[in-house]
Amino acid sequence: MKLNESIYRDRVKRIQTLMRNWGVDLLAVLDNENYQYFTGEFRRQPRLYIPVDGEPIILVFRGELEDASRNTWIKNIHTYGSLHEMMKHVIEYIKQHNVKTVGFDYEFALPAFLLERFKMANPTVKVIDARELFMSLRMIKTDEEIELMRKAQEIATAGIEAAGTVLREGISELEVAAEIDYEMRRKGAERFGFPTFVNSGYRSGCLHGWASRKKLERGEIILIDVGPIYMGYSSDMARAFILGSPTENQRKIVDLYIKARREATKTVKPGVMVSELDNAASKVISEEGYGEYYVRGISHGIGLAFEEMPFPTIFPEDSIIELKEKMTISIGHSILSIPGIGGVRVEDVFIVTDSGAEPLVKYSEELIEV
């Protein structure tokens, strides 16, 4: 399902209205997520400029002109052959249109070297952080966006299912990840929001996962976290597996995490602050005596980016954002990590509705025994 051109045009008009309210003359879009939100296409090294009035401008390498022309509704496309030439286009536009204030999205994808060179080349221009401006549009999803995200989450489910068929003693985490990624590609994943996590045994306690050369052993908890992207939209799904039967302590911490996540999920409704979800989960775990082993941050926003506003573990100010209907959030991002036993994470994507949290795809939360 490809979104209609009118949707992208409307998004540009809406953000131009916000730009007038903010006093921003030009927005510089250098990340894939915002670029795709306004253009409808994915591009490596995206360069989109949205003026407060008039048509957006795309800058592409000369060899990409035909590709960009075929894949986006925007006709105002300029080419370059070097960084100097690309920057020259921007400098000339700023001078010709008397641009005073330019907004950038101060997120992970903002290249620091380009921002600094922009400032050096345009010393009279005021540069501001426009993250909130971009996300004020992107946080609330349309029905079309939700359906694309649902498809992405279905692909994630296929990845989890594939894991269950390949996990065995002696196989490496890298081999497992390769099989999972292959299946998700077959189901339509165009890329991944993050490298597939396959964290086994002592590595299951890692907050940030990856697949290593470590080989799986019986009795180990194995955390698998996948984030396939479908038509630009992200998914996020994690499950705990074990080779063989769990010990009493392993079963206990998995059940505890699931109980805490359920409490966080029950908290979801419009008007609730993001921090309240984490408070609910943390309370359950602390009451069982495991509070020191729990890393807070059970929820984050998700959409075109697999982690986007609200994202309180990186932007603490996001913790006071109130949930709104048709926001999409991941629940289960945090980890319960206990030395000698293992780590647990169970994660899914939910839609905020007027009656609570609705999973994009329903799938068992329980420990998966292989």
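**Note on the predicted model: strands, sheets, cavities and pockets**

1. In strand β8 (residues 197-200), F197 and N199 point one way while V198 and S200 point the other way, and all are buried, where buried stands for under 20% relative accessible area, exposed for over 50% and partly exposed for anything in between, computed with a 1.4 Å probe on protein chains only. In a regular strand, side chains alternate between the two faces of the sheet. Strands here are DSSP runs of E of at least two residues, and helices are runs of H or I of at least four residues, both numbered from the N terminus. β8 is joined to strand β9 (residues 221-226) by four bridges, and the two run antiparallel; within this arrangement F197 stands opposite D225 in β9.

2. On provenance: this is a predicted model, in which local features need pLDDT of at least 70 and side-chain atom pairs count only at pLDDT 80 or more, whereas totals for chains, interfaces and linings use all residues. Residues are numbered from 1 along each chain as its sequence is written, and side-chain values use heavy atoms, with hydrogens and water left out.

3. Four strands form an open sheet in the order β14-β15-β18-β19, with antiparallel pairing, two strands being taken to pair if DSSP finds at least two bridges between them. Its edge strands, β14 (299-301) and β19 (356-359), each pair on one side only, and the twist averages 40° from one strand to the next. Between strand β15 (residues 328-331) and strand β18 (residues 348-353) the antiparallel pairing extends over four bridges, and I331 has D348 in β18 as its bridge partner. Helix α7 (residues 143-166) packs on the sheet and touches β15, β18 and β19, its direction making about 155° with that of β18; axes are lines fitted to C-alpha atoms, for helices over the stretch in contact, and angles run from 0 to 180 degrees between N-to-C directions.

4. H300 has its place in strand β14, and this residue counts as buried because its relative accessibility is 0%. Leaving aside neighbours within four places in sequence, H300 is in contact with several residues, among them D236, E307, I329, H333 and E347, contact meaning heavy atoms within 4.5 Å. The C-alpha atoms of H300 and I314, which are 14 residues apart along the chain, are separated by 9.9 Å.

5. A further open sheet, of three strands, has the order β7-β10-β11 with antiparallel pairing, and its edge strands, β7 and β11 (233-234), each pair on one side only. β7 and strand β10 (residues 228-230) run antiparallel and are joined by two bridges, with I229 in β10 as the bridge partner of R191.

6. The structure holds two cavities of 30 Å³ or more. On a 1 Å grid over the protein atoms alone, a cavity is a set of points where a 1.4 Å probe fits but cannot get out, a pocket is an open set with protein on both sides within 12 Å along at least five of seven lines, and lining residues have an atom within 4 Å of a point; grid points are joined across faces, edges and corners, and a volume is the space filled by probe spheres set on the points. The largest cavity contains about 90 Å³ of space, and its lining includes R47, Y49, M86, V90 and F118. Two or more residues of that lining come from each of α4 (83-96) and α5 (112-121), and α4 gives the most, with three residues.

7. The lining of the largest cavity divides into nine nonpolar residues, no polar and one charged, where Ala, Val, Leu, Ile, Met, Phe, Trp, Tyr, Cys and Pro count as nonpolar, Asp, Glu, Lys and Arg as charged, and the others, Gly among them, as polar. The second largest cavity has a volume of about 50 Å³, and its lining divides into six nonpolar, no polar and three charged residues.

8. The largest pocket has a volume of about 580 Å³; of the 27 residues that line it, D31, N32, E33, F108 and A109 are the closest to its centre. α2 (32-39), α6 (131-138) and β7 (191-192) each supply at least two residues of this lining, to which α2 gives the most, with three residues. The second largest pocket holds about 290 Å³ of space, and of its 18 lining residues L207, H208, E307, H333 and R345 are the closest to its centre.
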